[in-house]
Amino acid sequence: MPAIDLRPLSLGELLDRTFFLYRRHFLLFTGIAAIPYSFFFVVNLGSTLFARFRLGVPSFPIPGQLPSPGSALAASGSGIVAFIVIVFAGFIAFLFSVGASVFAVSEIYTGHETSIHASLGRVRGHAFTIFGVLLLSGLIMAGGFILLIFPGIYLACRICVATAAALLEDIGAADAIRRSFSLTRNFAGRAFLIYLLTLAMAFAVIGALQFPFGLLIALYARQREIVTILMVVMQVGSFFGDVLVAPISTIAFALFYYDLRVRKEAFDLQMMMQAIGGAPVPPPITSSVPSTFGSDAS
């Protein structure tokens, strides 16, 4: 499989390349994304049905067959334990899913074949690093949002390639955060637009799969059986929406990471020298020319 040409990309080209990879490797990326969201789907569906049937009480209870307080308490306790276990497993799966998506983009971008199993296999040993990056990123953004909304948004734009840097350069979480700040210097505007476009797409897709059922639930609010069915169908729609949307931002920011390295470190020349068997070109020491927030988004 030939490598995709490495060169500085405009924002439009970066997004076009994102959707090109997504369409061409649709089953790969959605298959990776479906793993953690399967756990979350089970949790959401279980919570919906649990609230609907009230600890196993049927819609038309048979006299003398209502659960005793003790059995209800046991059911509640076992349900909480199951909920915690599934959520924890889903979180671990989410860490692997994020890492596998980044590795998949890297393999495809450098001209190699990959699979769901191979991409997930590469994450082994990196799960704690991904967790560390997400934890530090969350704390940094939380601090920014506590001060004011705009600093939080700006910091989110500066640390957007930290996960890709941690995995593809095999560095620790703190180093990955610093690395992301270095790479995204003068390019926060472009990161903001990527966030904005991917979030808009997420709301559009998930809303299209959930809004009609939410409207029907409001219309049939007094018919409990119909409401239950609609809520289950809405959870299914939410699952498919999440699986369809989740890979897009991961692909976009993985490509953004490569684009920044091409712009600032001549990464395309390094790959070219490696391909012809020569010594890789060392990254330049000088920084890029500063630009304004608006102009760097072009």
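User: Why does Cys-160 count as buried?

Analyst: Buried means under 20% relative accessible area, with over 50% called exposed and the range in between partly exposed (1.4 Å probe, protein chains only). Cys-160 has 12% relative accessibility, so Cys-160 counts as buried. This is a predicted model, where local features need pLDDT of at least 70, side-chain atom pairs count only at pLDDT 80 or more, and totals for chains, interfaces and linings use all residues. Residues are numbered from 1 along each chain as its sequence is written, and side-chain values use heavy atoms, with hydrogens and water left out.

User: What makes Cys-157 count as buried?

Analyst: Cys-157 has 2% relative accessibility, so Cys-157 counts as buried.

User: How do you know that the sulfur of Cys-160 is too far from the closest cysteine sulfur for a bond?

Analyst: A disulfide is a pair of cysteine sulfur atoms within 2.5 Å. The closest cysteine sulfur to that of Cys-160 belongs to Cys-157, 6.7 Å away, and is therefore too far for a bond. The structure holds zero disulfides.

User: Which residues of helix H6 are buried?

Analyst: H6 spans residues 149-158. A helix here is a DSSP run (H or I, at least four residues), a strand is another (E, at least two), and both are numbered from the N terminus. Gly-152, Leu-155, Ala-156, Cys-157 and Arg-158 are buried in H6.

User: What do the buried residues of H6 pack against?

Analyst: They pack against helix H5 (127-147), H8 and helix H9 (188-219). Contact means heavy atoms within 4.5 Å.

User: How many helices and strands are in the chain?

Analyst: The chain has eleven helices and zero strands. Buried residues make up 39% of its 298 residues.

User: At what angle do helix H8 and helix H10 pack?

Analyst: Two packed helices are described by the angle between their axes and the distance between the axes. Axes are lines fitted to C-alpha atoms, for helices over the stretch in contact, and angles run from 0 to 180 degrees between N-to-C directions. H8 (residues 173-183) and H10 (residues 224-265) pack at about 60°, with axes 10 Å apart. Arg-179, Ser-182 and Leu-183 of H8 meet Tyr-257, Leu-260, Arg-261, Lys-264 and Glu-265 of H10.

User: What kinds of residues make the contact of H8 with H10?

Analyst: Ala, Val, Leu, Ile, Met, Phe, Trp, Tyr, Cys and Pro count as nonpolar, Asp, Glu, Lys and Arg as charged, and the others, Gly among them, as polar. The contact divides into three nonpolar, one polar and four charged residues.
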